[in-house]
Amino acid sequence: MILRIVAASHHYRPVGDSVALPSLEAEVAAVTRRHARRIDRFVQLALVGAGACVRGHTLAPDCGLYLSSGFGPVGSNTVVKDALHRERRLPMPFSFINTLGSSACFHVAAELGLTGESIVVARRRGSFTAALQCALTDLVAGAASQALVGAVEECILPAKRQLALLREEEGTVLAEGSHWLLLEPAEVGVDATSVEATPVPEAPPDAFAGYESAEAARLTAAVLAASEHTFHLILTDAGDVRLLTHAPGR
Amino acid sequence: MPDVAPRRAVRIAGLGLASALGCGLEAARSGLRAPAPTPRAWRLDLLDEPLTVPVFTLPGTDSLGDLSGAVALVGEVVREALAAAGVPAGEASRLPLFIGTSAFSLDRDAIDPDADAVPSPVGVQPVLAHRQIVALVERTLGGVGDTIAFQTACTSSANALLSAARMIEQGRYARALVVGVEIANAATMAGFAGLQLLAPSIHPFDRDRSGIVIGEGIGAAVLQAVADDGPGLFLRGGGTCIDTYRVTTSHPDGSPATALQARVLARAGVAPHAVRGVKAHGTGSPVNDEAEAAMLRAAFAAPPPVCALKGYVGHTLGACGITELALMGAALEAGFLPATPGFRTPDAALGVSPTREAQAAPDGHYALNFFGFGGHNTILLLERRA
């Protein structure tokens, strides 16, 4: 099955000790209607990305929600660890709940009125592709007619702590991001021979090197960089994602 | 992947399990016919006000934070499932791996999968999260194929099973290995304590139910495409939905799960009256059981027998999808539906009375319910054919 990319969003911010993490409250407010309480930065990132992606689009009642992340909600995990090991007390209930990636799914679904299939998946340096595979599977199975697929990565500062948590070497790119696609089965008549394959990334190849969800960032950045094009994607039997385009006027 | 997927039957070809009932499916089968074990009181000393938490522990677990026993059991459980399915050694290292656990891999003190002896320094919080689980399976089998970890709280491994089954149905894979792991750790115990959800003992659907008891569990299943519908245990699909009533609580009227149940049965072509039994999520928490009871009343004009299994092994959280599938598999293969430990006094407000004793289980379809934080609901549909 070929999937049509209905909409995309791309939020990416390299972070480090010299660059403070800005508040996301205004960005969240700009794309949400309800005021979600007791949410963390991971949830905020999910809301910002998903909200921007679907703005102006009507979601199908059975739209599936597929969230991916390599490291998940590192902020809330750190808050819980600090409560236990530094402050020697029970963690706050919502800090504990927000250590689960499913909490972000809940808030995105509540904001967008989604009630269909929903999962959270992870795969080392391949989480977004894993989510795409699950979405495609559900579309083929008829369990969803539309899929909202996202990748969210959160960072905490100081960088030293993030690197230690992730067991990464110094020099690894630390960045936060939220990258989303709204997908539907391709129109009748569209197949792999009628569209032009475009390698991913179109952006400079090293633009997202070292970033945990680089595959998602490359894909969404490429789509948004050429918004006059119509994009489709396919997943090969080998599990690779291929981005396909219709140039304007074709 | 083909545009029109050929629908193939998905057989549960092999199961492996380690839980408070012991190691191996045979131990579980015996345990399901015996008085349920009692949870062990584990003391969490790292807090200023020490906390004692009852936990259904794995065999061989000596102390909280010592993961060496669990590390060894992951390999044993995987090998049990593969042997039961007759997977050749050469194929095992290439099997696609679907993992279900509630833990993201974030703790620098998480175990090193290459180390045989796992240190347990004071004050750390060891976890077995998805990256460690992948590494352990890889070490056991000498490799793994495509890997996806599912992290939807208490529906994690149920969703791993569901996605694996759908990919097999569609012809992407001929076989898949599904593994679920949940080991007690400080964050989980303290987190549930903070939510005031813990109880000293578990009493699903009981008038006096007061909360959950955490359990440790490791489960594995080999799912396999089959061309015919011969005897065996089959995964006939299922579904998920998201219930946005509360992040920790299902809608008390059970309506999202009721709609999900209707979709699952319709997709499988199974009428509600043809369902022979339900394995409830049955946590024993006041609100969860209320929502699930409402769903059972609404989904079935005449509810089939209902059992709840957490009284045997505790709530194994992200692993409960696979541990409770394995328990149901062990029971159904032997032709019985288990009793529900802890159920003593019906709650008239619920209108659901689960099994008090094991009873004969005929061939047919069985629904398995799983609910999780974040509003994730999953229902799996099993078919047993003698």
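**Salt bridges and the A/B interface**

Modeller: Start with one pair inside chain B. B:R175 and B:E91 form a side-chain salt bridge, 2.6 Å from N to O. This is a predicted model.

Biologist: Where do B:R175 and B:E91 sit in the chain?

Modeller: In distant parts of it, 84 residues apart. B:R175 is in strand β7 (residues 175-182) of chain B, and B:E91 is in helix α3 (residues 89-92) of chain B.

Biologist: And B:R175, buried or exposed?

Modeller: Buried, with a relative accessible area of 15%. B:E91 is partly exposed, at 23%.

Biologist: What about B:E26, which residue does it bridge to?

Modeller: B:R29, with the closest N and O atoms 2.7 Å apart. B:R29 counts as buried, at 16% relative accessibility.

Biologist: How many salt bridges over all chains?

Modeller: The structure holds 25. There is also a network of them linking A:R13, A:E27, A:R41 and A:E176.

Biologist: Switching to the interface. How many salt bridges between chain B and chain A?

Modeller: Five. One joins A:E212 to B:R131, with the closest N and O atoms 3.6 Å apart. A:D138 and B:R166 form a salt bridge too, at 2.8 Å. That pair crosses between chains, from helix α6 (residues 127-141) of chain A to helix α5 of chain B.

Biologist: Are A:D138 and B:R166 buried or exposed?

Modeller: A:D138 counts as buried, at 5% relative accessibility. B:R166 counts as buried as well, at 6%.

Biologist: How many residues are in contact there?

Modeller: 61 residues of chain B touch 59 residues of chain A. Together the chains bury about 4800 Å², with 58% of that on carbon and sulfur atoms.

Biologist: And how many residue pairs in polar contact?

Modeller: 15 across the interface, both residues at pLDDT 80 or more. On the chain B side, α4 (130-141), β6 (147-150), α5 (156-169), α6 (186-194), β10 (232-242) and α7 (255-268) each supply at least two residues.

Biologist: Which of those gives the most?

Modeller: α6(B), with eight residues. By class, the side of chain B that touches chain A has 27 nonpolar, 21 polar and 13 charged residues.

Biologist: Which strands are joined between the chains?

Modeller: Strand β3 (residues 118-122) of chain A and β6(B) are joined by two bridges and run antiparallel.

Biologist: What is the bridge partner of A:V121 in β6(B)?

Modeller: B:F150.

Notes:
Residues are numbered from 1 along each chain as its sequence is written. Chains are lettered from A and ligands numbered from 1 in the order in which they are written. This is a predicted model: local features need pLDDT of at least 70, side-chain atom pairs count only at pLDDT 80 or more; totals for chains, interfaces and linings use all residues. Side-chain values use heavy atoms; hydrogens and water are left out. Contact means heavy atoms within 4.5 Å. Buried area is the accessible area (1.4 Å probe) that two parts lose on being put together, summed over both. A salt bridge is a side-chain nitrogen of Lys or Arg within 4 Å of a carboxyl oxygen of Asp or Glu. A polar contact is a pair of N or O atoms within 3.5 Å; within protein, one must be able to donate a hydrogen and the other to accept it, and residues adjacent in sequence count only if both atoms are side-chain atoms. Helices (H or I, at least four residues) and strands (E, at least two) are DSSP runs, numbered from the N terminus. Ala, Val, Leu, Ile, Met, Phe, Trp, Tyr, Cys and Pro count as nonpolar, Asp, Glu, Lys and Arg as charged, and the others, Gly among them, as polar. Two strands pair if DSSP finds at least two bridges between them. Buried means under 20% relative accessible area, exposed over 50%, partly exposed in between (1.4 Å probe, protein chains only).
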